[in-house]
Amino acid sequence: MPIKTKVRKIGNSYGIVLPKEALQALKVEEGAELYLTEAPNNTLNINPERPGFDEIMRVAEEGMQRYRNTMRELAK
């Protein structure tokens, strides 16, 4: 079920407020760290911090950088 929210001005930046339903779906509380990752079709995935997640993302970033030409060709 989609959860709708709006982009709001917060000081000199912009942000979104996550409704209670979104926090429950992500199983997070106030102060939790979230990762935004790019996905196809101009979308983002929101992932809560989980043990080992930052290490997985580091390895993925290294692999994408190392094999960037291959990834570019595969994306065609």
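This section describes a strand hairpin, a nonpolar surface patch and the salt bridges of a predicted model.

Strand β1 spans residues 7–10, and strand β2 spans residues 13–16. The two strands pair in the antiparallel sense over 4 bridges. Together β1 and β2 form a hairpin, with 2 residues between them. In the turn, G11 has a positive phi of about 65 degrees. R8 stands opposite G15 in β2.

A nonpolar patch lies on the surface. Its members are V7, Y14, I16, L34, L36, L44 and I46. Their accessible area together is about 700 Å². Strands β2, β3 (34–39) and β4 (43–48) each supply at least two residues of the patch. I16 is located in strand β2. Its relative accessible area is 45%, so I16 counts as partly exposed.

The whole structure contains 3 salt bridges. E55 forms one with R58, with the closest N and O atoms 2.6 Å apart. These two residues are 3 residues apart in helix α2 (residues 53–66) and are therefore separated by about one helical turn. E55 is partly exposed at 39% relative accessibility, and R58 is partly exposed at 38%. R58 also forms a salt bridge with E62, where the closest N and O atoms are 2.3 Å apart. E62 and R58 both lie in α2, 4 residues apart, about one turn of the helix. E62 is partly exposed, with a relative accessibility of 46%. Shared partners join E55, R58 and E62 into one network of salt bridges.

A further salt bridge links K76 with E73. Here the closest N and O atoms are 3.2 Å apart. Both K76 and E73 are exposed.

How values were computed:
Residues are numbered from 1 along each chain as its sequence is written. This is a predicted model: local features need pLDDT of at least 70, side-chain atom pairs count only at pLDDT 80 or more; totals for chains, interfaces and linings use all residues. Side-chain values use heavy atoms; hydrogens and water are left out. Two strands pair if DSSP finds at least two bridges between them. Patches are made of residues with over 30% relative accessible area and no salt bridge: like charges are joined within 9 Å, nonpolar side chains (Val, Leu, Ile, Met, Phe, Trp, Tyr) within 5 Å. Accessible areas come from the Shrake-Rupley method with a 1.4 Å probe; for residues, only the protein chains shown count as cover. A salt bridge is a side-chain nitrogen of Lys or Arg within 4 Å of a carboxyl oxygen of Asp or Glu. Buried means under 20% relative accessible area, exposed over 50%, partly exposed in between (1.4 Å probe, protein chains only).
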